[in-house]
Amino acid sequence: MLISDKLKSFDFTYAEKEIVKYFLNQKEEMARQSTREISKRLYCSPSSIIRLCQKLGFTGFEEFKEMYVEELHYLNSNFSDINPSIPFMTEDNIQTISNKMCSLYHEIIDDTHSLLDHDMLRKSLNLLKNNKNIYIISGSQNDLALTFRDKMARIGKHVNVYQSIDEPYYEACYLNKGDACFLLISYTGETQNCIRMANKLNERNIDFITITSFGTNTLSSLSRCVLHVSTREKIRNNLGTFSMNLSTLYLLDLLYSMYFSLNYKENKKKKIKIADEYENFTSSLIRDTSNDLIK
C-alpha cells in the first residue's frame with residue numbers, strides 16, 4: 001500500500017491529523033527537514049512524529065521519510081494526465097478512447113519498467129533456473145499465468161497454475177528446496193491466500209517470487225524477491241484492471257524471455273521443432289477427418 005494512501009485512510013487522532021496534513025501538503029519541504037524542525041512548525045514534540053511513523057509501520061521518521069520521498073519520486077514520474085483508473089469518460093468518442101488507451105498502455109509499460117530492479121531480475125532468473133518446477137498462485141490474473149505456462153511448456157519448463165490455495169499448500173508441506181519455485185501474484189499484497197502461502201514457503205525454505213504493488217505490504221515484507229507492477233490504479237474505483245493486467249503480462253513475458261535467453265539457440269530449436277510437429281499432427285488430423293466425411 002502506498003504511504004500516501006495510508007496517510008489518507010488510517011484512523012488518526014486529532015494531533016496526528018495535523019502531522020499527517022503537513023506530510024501531505026509540504027512534501028518537498030518535509031523531505032529536507034528533521035523531526036525537530038517539523039515539531040517546531042507544528043508545536044508538537046518530536047516523539048509525536050516518531051510515534052506516528054511507527055503507527056504507519058516504520059521504525060521511525062528517517063525510514064518513513066526515505067521511503068516517502070522514494071514514493072513521491074515514483075508518483076511524479078512517467079504518467080501524464082491520463083487517469084489509469086478512469087482513462088476515458090462518457091463523452092469520449094471511439095477515436096478519443098482509442099488514443100487514450102494507446103497512451104495508457106505506453107505509460108503503464110514505461111511505469112512498470114521504471115520499477116524494475118536489476119538485482120531482483122537476476123535473482124528471479126536464478127530461482128526459475130535452479131528449480132525443477134514453477135507453481136503460480138495468481139487469482140484474477142489466472143489467464144495471464146496460463147499464457148506464461150504455455151510459453152514455458154514449449155521450451156520444456158513445467159509450470160502449474162492454481163487459483164485455489166489448497167493443492168499448492170499441501171504440496172509445499174512436502175516439497176524440498178530445489179523442487180519448485182513459487183510465483184505469488186497479488187496487487188494489494190494483502191491477499192490472505194498468498195500471505196498464508198508465503199509463510200509456509202518461508203517455513204519450508206522454498207523459493208518464491210512475488211509480483212505486487214510498489215510500496216509497503218505484508219506480502220512484500222515476507223518475500224526476498226519482489227517485482228513491482230505499476231501502482232497507480234485504484235483497487236475498486238476503476239473501469240477495468242488495465243494497469244495490473246498489462247503490468248503482470250509484461251513481467252511474465254520478461255521472466256519467460258530471460259529464461260529463454262539462458263539457452264537461446266537450443267530453446268529456439270526446440271520451440272520450432274515442437275511447433276512443426278504440432279502443425280503436422282493437426283494437418284494430418286484434418287486430412288483424416290476429411291477422408292472420413294467423404295467415405
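What follows is a walk through the fold, the charges and a few individual residues of this protein chain.

The model is a predicted one. Its protein chain is built from 14 helices and five strands. Taken along the principal axes, the C-alpha atoms fill a box of roughly 95 × 55 × 35 Å. The chain runs to 295 residues, and 43% of them count as buried. As for how the chain folds back on itself, among contacts between residues at least 6 apart in sequence, 68% join residues at least 24 apart. The surface on show comes to about 16,600 Å², with carbon and sulfur atoms supplying 51% of it.

On to charge. The protein chain carries 37 positive and 37 negative side chains. The centres of these two sets lie 4 Å apart. There is also a local feature to point out: E62, E63, E66 and E70 gather on the surface in a patch of negative charge. One of the four, E66, sits in helix 6, which covers residues 61-75. With a relative accessible area of 57%, E66 is over the 50% mark and therefore counts as exposed.

Ten salt bridges turn up in the structure, and three of them are described here. One of them pairs K21 with E18, with 3.8 Å between the closest N and O atoms.

The salt bridge between R232 and D111 has an N to O distance of 3.0 Å. Here the pair links distant parts of the chain, 121 residues apart. R232 is in the loop between strand 5 (226-229) and helix 13 (242-261), while D111 belongs to helix 7 (residues 94-114). R232 has a relative accessibility of 15% and so counts as buried. D111 is buried too, with a relative accessible area of 0%. Since buried means under 20% relative accessible area, both R232 and D111 fall within that class.

Another salt bridge joins the side chains of K177 and D207, at 2.8 Å from N to O. K177 lies in the loop between helix 10 (166-172) and strand 3 (180-186), and D207 lies in the loop between helix 11 (192-204) and strand 4, so this pair ties together parts that are 30 residues apart in sequence. D207 is buried, with a relative accessible area of 13%.

The loop that holds D207 is also the place of N205. The backbone of N205 has a phi near 60°, a positive value in a residue other than glycine. N205 is partly exposed, at 40% relative accessibility. Y43 is another residue with a positive phi, near 55°, and Y43 is not a glycine either. Y43 lies in the loop between helix 4 (35-42) and helix 5 (46-55). At 77% relative accessibility, Y43 counts as exposed.

N142 lies in helix 9, which spans residues 142-153. N142 is buried, with a relative accessible area of 14%. Setting aside neighbours within four places in sequence, N142 is in contact with V161, Y162 and Q163.

The other residue is G215, placed in the loop between strand 4 (208-213) and helix 12 (218-222). Not counting residues up to four places away in sequence, G215 touches M1, S220 and H228. Between G215 and N263 there are 48 residues in sequence and 34 Å in space, going from C-alpha to C-alpha.

Key:
Residues are numbered from 1 along each chain as its sequence is written. This is a predicted model: local features need pLDDT of at least 70, side-chain atom pairs count only at pLDDT 80 or more; totals for chains, interfaces and linings use all residues. Side-chain values use heavy atoms; hydrogens and water are left out. Patches are made of residues with over 30% relative accessible area and no salt bridge: like charges are joined within 9 Å, nonpolar side chains (Val, Leu, Ile, Met, Phe, Trp, Tyr) within 5 Å. Accessible areas come from the Shrake-Rupley method with a 1.4 Å probe; for residues, only the protein chains shown count as cover. A salt bridge is a side-chain nitrogen of Lys or Arg within 4 Å of a carboxyl oxygen of Asp or Glu. Lys and Arg count as positive and Asp and Glu as negative; His and the chain ends are not counted. The place of a charge is taken as NZ of Lys, CZ of Arg, CG of Asp or CD of Glu. Helices (H or I, at least four residues) and strands (E, at least two) are DSSP runs, numbered from the N terminus. Buried means under 20% relative accessible area, exposed over 50%, partly exposed in between (1.4 Å probe, protein chains only). Contact means heavy atoms within 4.5 Å.
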